[in-house]
Amino acid sequence: MRTRALPLALAAAVAGRALPLGAQEFLDRGTFVITRGGSEVGREDFAIRPTVGRQGQSGVLAVSTVREGGRELQHALELTADHTPVTFQQTESAGGRVVRRLSAQLAGLRFSARLTSSDGEAAREFPVRAPAVILGDDAFNEYYFVPRPSDGTPRAVSVVRPGDERATAGTVEALGTDTVTVGDRAVAARRFALRLQDGEERLFWVTLSGDLVRVALPATGTIATRAELPRR
């Protein structure tokens, strides 16, 4: 199976943060196939690459486009080199029209966001404890940046979900080694559980070489699996 080419809007977003030649390698790129109840409902095309921030410091930029039915979500997440979120943008379109746009930034321990929709504009701000992760709606590639325990001890994390008005405390726990089928290949992967304080649990799988290959949201029966393994 061959991963589809990244859409033009996504490619343009990646190109907008140009690095010198020789430093433009992608950390990861590809497609997640989204299923619900065992049936494919959409896809997420994504790219993660090194970038240079506004202060000239090295960082990471993750961009993606999610298409599900007549709905499209575009995400752009900027992080520092140690994967601390800096800025986030999410644009939702339906029927070819933008219906909702959110722009946010994390400065120190304060998360500030502005939401624009057909209902008008709204702003929110709330405190966030480190380490923090921003998980956009249906942006499965962003689980790449969820802090993972290295010694078997559950790791605390603050989770910012764009639709919420506060950060939710959670823990990340390693659940051992599993096997995930990617395309037509079975690969060994470590399974992790992100358990939120409100009772929600999310699962994700990372290969032994560090590639995110699957995310599962048991509450909605949603599973996102890589269409193919990244080419090294």
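Reader: Which residues does Q90 touch, not counting those up to four places away in sequence?
Author: Leaving out those sequence neighbours, Q90 touches L73, Q74, H75, R100, R101, L102, G136, D137 and P162, where contact means heavy atoms within 4.5 Å. Please keep in mind that this is a predicted model, in which local features need pLDDT of at least 70 and side-chain atom pairs count only at pLDDT 80 or more, while totals for chains, interfaces and linings use all residues. Residues are numbered from 1 along each chain as its sequence is written, and side-chain values use heavy atoms, with hydrogens and water left out.

Reader: And where does Q90 lie, and is Q90 buried or exposed?
Author: Q90 lies in strand 5, residues 85-94, strands being DSSP runs of E with at least two residues, and helices runs of H or I with at least four, numbered from the N terminus. Q90 is buried, with a relative accessible area of 2%; buried means under 20% relative accessible area, exposed over 50% and partly exposed in between, with a 1.4 Å probe and protein chains only.

Reader: Which side chain makes a polar contact with that of Q90?
Author: The side chain of D137 does, at 3.0 Å. A polar contact is a pair of N or O atoms within 3.5 Å; within protein, one must be able to donate a hydrogen and the other to accept it, and residues adjacent in sequence count only if both atoms are side-chain atoms.

Reader: Switching to the rings, how many aromatic pairs does the structure hold?
Author: The structure holds 5 aromatic pairs, counted for rings of Phe, Tyr and Trp (its six-membered ring) with centres within 6.5 Å, where planes under 30 degrees apart are stacked, over 60 edge-to-face and the rest tilted. One of them is the tilted pair of Y143 and F204, at 6.0 Å centre to centre with 45 degrees between the planes. Y143 lies in the loop between strand 9 (132-134) and strand 10, and F204 in strand 13 (residues 201-207), so the pair ties together parts that are 61 residues apart in sequence.

Reader: Are Y143 and F204 buried or exposed?
Author: Y143 counts as buried at 3% relative accessibility, and F204 is buried too, with a relative accessible area of 0%. The rings of F192 and F204 have centres 5.4 Å apart and planes at 20 degrees, so this pair is stacked. It links distant parts of the chain, with F192 in strand 12 and F204 in strand 13, 12 residues apart.

Reader: What do Y143, F192 and F204 form?
Author: Y143, F192 and F204 form one aromatic cluster, and F192 is buried as well, with a relative accessible area of 1%.

Reader: Back to the strands: how do strand 11 and strand 12 pair?
Author: They pair in the antiparallel sense over 11 bridges, and two strands are said to pair if DSSP finds at least two bridges between them. The two strands form a hairpin with 2 residues between them, and G183 in the turn has a positive phi of about 65 degrees. V172 has L194 in strand 12 as its bridge partner. Strand 10 (residues 155-160) is joined to strand 11 (residues 168-182) by 5 bridges, also antiparallel, with V157 partnered by G170 in strand 11.

Reader: And how many strands does the protein chain have?
Author: The protein chain has 15 strands and 1 helix, and of its 232 residues 45% count as buried.
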